[in-house]
Amino acid sequence: MAVSIKSSREIELMRESCRLLSIVHEEMGKIIRPGISTGEIDAYGEKLIRDFGCIPNFKNYNGYPASVCVSVNDEVVHGIPAMDHIIQEGDIVSLDCGLIYKGYHSDAARTYPVGQISKEAQQLIDVTKQSFFEGIKMAKAGNHLYDISNAIDAYVSQFGYGIVRDLVGHGIGTSLHEDPQVPNFRQKRRGMKLLPGMTLAVEPMINMGRADVEWLDDDWTVVSEDGSLSAHYENTILITDGEPEILTLR
């Protein structure tokens, strides 16, 4: 496994790539409302990315047809946006996207409420987001990779939710997906030692029901097998000599 350690120059490029992506997410979040289509959200996200002079890294990635993965309710990840898919009051919507700035990738995801949602749905969103922050408490040089995984699992498991096991986080840099893989569930081994200069996309995907997922016939959209709601929260982070730096949060 070849894990890239970023130079100071590369870290600056990663920082800018991620800063721009954080703005894209902030702006997309503002247009989420009942009656908007998932296709409109994607078009707006792509325009924001291109207006920054950047490239949407999801578009045509292994054939994925859009710039923003828009996943609604029981869709875990990789929902394909469409102009005739209208989001409704009470839905929850996960937006996952990234961009390329001067050859360097960023990647982040957020789950948003649509209008008024149930207390149970809000708790799922909140727990998924907090599990990321619980995980990265362990993302320090000298700790091990799976310390992050175990911390996410320990937090989420208290709520009885299913932690998706078929999809994991990843390293990121000049490629969207680099080594190492970053699971969100407990591991028996400790994994590699974390070193300053590593950049990781940490992304808990949590189902309200069981962990099991399945792929729809479009070969992209991943849904919870039991039809339960799913939430997703992701940031690109930098391992430093001290606390981790969350690059995709302003």
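**Figure 1. Contact between helices H3 and H4.** Val127, Gln130, Ser131, Glu134 and Gly135 of H3 meet Ile148, Ala151, Ile152, Tyr155 and Val156 of H4, where contact denotes heavy atoms within 4.5 Å. The model is predicted, local features requiring pLDDT of at least 70 and side-chain atom pairs pLDDT 80 or more, while totals for chains, interfaces and linings use all residues. Residues are numbered from 1 along each chain as its sequence is written, and side-chain values use heavy atoms, with hydrogens and water left out. The contact of H3 with H4 comprises six nonpolar, three polar and one charged residue; Ala, Val, Leu, Ile, Met, Phe, Trp, Tyr, Cys and Pro count as nonpolar, Asp, Glu, Lys and Arg as charged, and the others, Gly among them, as polar. Helix H3 spans residues 119–136 and helix H4 residues 145–157; their axes come within 8 Å and cross at roughly 145°. Axes are lines fitted to C-alpha atoms, for helices over the stretch in contact, and angles run from 0 to 180 degrees between N-to-C directions. The H3–H4 crossing is right-handed, a crossing being right-handed if the near helix is turned clockwise from the far one by less than a right angle, and left-handed if anticlockwise. Helices (H or I, at least four residues) and strands (E, at least two) are DSSP runs, numbered from the N terminus.

**Figure 2. Packing of helices H1 and H2.** Helix H1 (residues 8–30) packs on helix H2 (residues 38–51) at an angle of about 150°, the two axes being 10 Å apart. This crossing of H1 and H2 is right-handed. H1 contributes Val24, Glu27 and Met28 to the contact, and H2 contributes Ile41, Tyr44, Gly45, Leu48 and Ile49. Six of the contact residues are nonpolar, one is polar and one is charged.

**Figure 3. The largest nonpolar core, with Ile41 and Leu95.** A nonpolar core is a set of buried Ala, Val, Leu, Ile, Met, Phe, Trp, Tyr and Cys residues joined through side-chain atoms within 4.5 Å. Buried means under 20% relative accessible area, exposed over 50%, and partly exposed in between, with a 1.4 Å probe and protein chains only. The largest core has 37 residues, of which Ile41 and Leu95 touch the most other members. H1, H2, strand S2 (68–72), strand S4 (92–101) and strand S5 (104–113) each give two or more residues to this core, with the largest share, eight residues, coming from H1. Beyond its neighbours within four places in sequence, Leu95 has contacts that include His25, Met28, Ile32, Ile41, Val68 and Tyr112. Another core, of 28 residues, lies apart from the largest one and includes Ile92, Leu124, Ala139 and Val156.

Figure 4. Cys97 belongs to strand S4 and is buried, with a relative accessible area of 0%. Cys97 and Val70 are separated by 27 residues in sequence, and their C-alpha atoms are 8.9 Å apart.

**Figure 5. The three-stranded open sheet.** The strands follow the order S3-S12-S11, with antiparallel pairing; two strands pair if DSSP finds at least two bridges between them. Strand S3 (75–77) and strand S11 (213–215) are the edges, each pairing on one side only. On average, neighbouring strands of this sheet are turned by 40° against each other, direction ignored. S3 is joined by two bridges to strand S12 (residues 222–224), to which it runs antiparallel. Val77 stands opposite Val222 of S12.

Figure 6. Strand S7 (residues 169–171) and strand S8 (residues 178–182) run antiparallel and are joined by three bridges. Gly171 has Glu178 of S8 as its bridge partner. The peptide bond from Asp179 to Pro180 is cis, with omega near 0°, and Pro180 is found in S8.

Figure 7. Most residues other than glycine have a negative phi. Asn60, in the loop between strand S1 (55–56) and S2, has a positive phi near 65°. Asn60 is exposed, with a relative accessible area of 58%. His78 lies in the loop between S3 and S4, and its phi is likewise positive, near 65°. With 21% relative accessibility, His78 counts as partly exposed.
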